[in-house]
Amino acid sequence: QLQLVESGGGLVQPGGSLRLSCAASGFGLDYDAIGWFRQAPGTEREGVSCISRSGSSTNYADSVKGRFTISRDYAKDTVYLQMDSLQPEDTAIYYCAAVSLPPLTTVQAMCPAWRRWTTWGQGTQVTVSL
């Protein structure tokens, strides 16, 4: 069974950077995409960035374009989210999740649809504050 473990969260000042990691493990790592999602208190979970298993397709929320970069390390079965120029509004619990894409469904279409993602990590807290 696929398992995801996030790490790398913490407290950072505005303008700072953090790198989150999502390590996948388990038998038959059967998934088509991994995504990063976040949820701040009192708000709905939102898709931040997603990447196909091949790494050839990525998607970013408008709010993080140009500041966040998603990447993957095949050898380590790990997906990273490099977060630069962090702002207080980026404060949230960040989750990674995996999904097998339905036929004809792109990563770009799937990324905002967080309810359709099937395997979730436990989350890591990111706090941006002075």
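Modeller: The questions and answers below concern a sheet and the disulfides of this predicted model.

Biologist: In what order do the strands of the open sheet lie?

Modeller: The order is 1-3-8-7 in this open sheet of four strands, and the pairing is antiparallel. Strand 1 (3-7) and strand 7 (68-73) are the edge strands, each pairing on one side only.

Biologist: What holds strands of a sheet together in general?

Modeller: Strands of a sheet pair through backbone hydrogen bonds, in either a parallel or an antiparallel manner.

Biologist: Over how many bridges do strand 1 and strand 3 pair?

Modeller: Strand 1 and strand 3 (residues 18-25) pair over five bridges, in the antiparallel sense. Within this pair, L4 stands opposite A24 in strand 3.

Biologist: Now the cysteines. How many disulfides does the structure hold?

Modeller: The structure holds two disulfides. One joins C22 to C96, with an S to S distance of 2.1 Å. C22 lies in strand 3 and C96 in strand 9 (residues 92-99), so this pair ties together parts that are 74 residues apart in sequence.

Biologist: Are C22 and C96 buried or exposed?

Modeller: Both C22 and C96 are buried.

Biologist: And which residues form the other bond?

Modeller: C50 is joined to C111, with an S to S distance of 2.0 Å. The torsion about the S-S bond of C50 and C111 is about 85°, so the disulfide is right-handed. C50 and C111 are buried as well.

Biologist: What is the pairing if the bonded cysteines are numbered in sequence order?

Modeller: The pairing is then 1-3, 2-4.

Technical notes
Residues are numbered from 1 along each chain as its sequence is written. This is a predicted model: local features need pLDDT of at least 70, side-chain atom pairs count only at pLDDT 80 or more; totals for chains, interfaces and linings use all residues. Side-chain values use heavy atoms; hydrogens and water are left out. Two strands pair if DSSP finds at least two bridges between them. Helices (H or I, at least four residues) and strands (E, at least two) are DSSP runs, numbered from the N terminus. A disulfide is a pair of cysteine sulfur atoms within 2.5 Å. Buried means under 20% relative accessible area, exposed over 50%, partly exposed in between (1.4 Å probe, protein chains only).
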